[in-house]
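Let's take a friendly walk through a protein model, with the sequence and the 3D view side by side. Have a look at both before reading on.

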Amino acid sequence: MIEGRTILCFASGYDAPPTSKHHVMHLLAERNTVLWVNYHASRAPTASASDLRYMARKLGQVLGGLRKVRENLYVLTPPVLPLPGSAIAKRINRRLLIARIRSALRRVGHGPVQIWSFTPDISYLLGHFGEEKVVYYCVDDFASFSGYNREQVRRDEEDLCRRADLVVTTSMALQEAKAPLNPNTILVTHGVDYEHFSKALRDDLPVPEDIKDIPHPILGFFGLIRDWVDLDLLAEVAKRRPDWHIVLIGDSTVDLAPYRGIPNMHFLGRRPYADLPAYCKAFDVGLIPFKVNRLTEAVNPIKLREYLAAGLPVVSSPMPEVKLYSHLIEVVDTPDEFVRAVDAALASEPDAYASRNAAMALETWAGKVDLICRHLGVTLQLQDERTAHETVA
């Protein structure tokens, strides 16, 4: 583990449900100072209600200034113009961001600066903070997200990949796409908060009140409900098997009205991360019902390992990264296959809960961060050797 550094982290909202960037930065903050910059200039907003609410929250965070959210971890939401295709906006953003970030670094920074970016379009900021290393942590095919300017994202991301000291990818598809741009590109799959989700196996963990009275079997999902979640598939399954109850937990930006009238589909909204093991305990099957497209073919869903750490049988769409776990889960492609897979999952032996949990014991976030830091340490060592050689010469 690196230590004694100031980690300048560029990522989307810190207050969003925890993903890889949260787990990684929380671990790095144990031995370093982390300045998390809420970066929200990658996509131009629309006039949709969800975007208007998002902008209102961001404005409140901008006005709130620098916040300390936990030991050694600070969050800054600087003002930016969310116009990624505009050269003028980029010049204005550069001035705004550099000034605000330098000011925050003077207040909280301790030790050499490293940049770790989870967003693909910040290369125009490199070189302004005296950073010793740049890490690009690539978790998605960003150019395939709805609302993103595909060509602009590709150009920005290619530039960041070429200039980074280390590129971390989380799926085979991302590794194949980024490795030609930088020889220091490594594949590190997502980890899991193993101790947290193992709580689902405890007899003394109470089931949440809002799910306690829903009849079993319960097919459960938690996560963002976006356009990549195949709600039509779930609706078809719900209609075929009215004795099954499908529970979805998470914020939604899609119209749920067509599905709310289906009596055995339940939308509970966002729930605290701390409570997810209790919901897993209430689930009979964990679901990953993603549409298979260019975006999801590069996805390595964190919830797969979280479900398994909770001991749950899992039924998932056939994404490449998920198929690697076909010895532990059911992978399906059609409603017919889905129904048969759920039947098989519901019939799994009780001992299988413990074996699925045990399979995740070595997939922890701490292990993943340690691996990344060891690779980064090699680049630091090589840099020191080159500096020493140049000094002698």
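## Cysteines and a sheet

Cys 280 has a relative accessibility of 2%, so this residue counts as buried. Keep in mind as you explore that this is a predicted model.

Cys 161 is buried too, with a relative accessible area of 0%. How many disulfides does a search of the whole structure find? The search comes back with zero. For Cys 161, the nearest cysteine sulfur belongs to Cys 138 and is 6.4 Å away. A disulfide needs two cysteine sulfur atoms within 2.5 Å, and Cys 161 is in no disulfide.

Now turn to the sheet. Strands of a sheet pair through backbone hydrogen bonds, either parallel or antiparallel. Here, eight strands make an open sheet with mixed pairing, in the order β3-β4-β2-β1-β5-β6-β7-β8. At the edges are β3 (67-70) and β8 (185-187), each of which pairs on one side only. From one strand to the next, the twist averages 25°.

Zoom in on β3: three bridges join this strand to β4 (residues 73-76), and the two run antiparallel. Within this pairing, Arg 67 has Val 75 of β4 as its bridge partner.

| Helix | Strands | Angle to β2 |
|---|---|---|
| α1 (residues 20-28) | touches β1, β2, β3, β4, β5 and β6 | about 150° |
| α3 (residues 87-108) | lies across β1, β2 and β4 | about 155° |

To find α1 in the viewer, look for the helix that packs on the sheet and touches strands including β5 (113-117) and β6 (133-138).

Notes
Residues numbered from 1 in each chain as written. Predicted model: local features only at pLDDT ≥ 70, side-chain atom pairs only at ≥ 80, totals over all residues. Heavy atoms only, no water. Pairing = 2+ DSSP bridges. Helix = DSSP H or I, 4+ residues; strand = E, 2+ residues; numbered from the N terminus. Axes fitted to C-alpha atoms, helices over the stretch in contact; angles between N-to-C directions. Contact = heavy atoms within 4.5 Å. Buried < 20%, exposed > 50% of the residue type's maximum accessible area, 1.4 Å probe, protein only.
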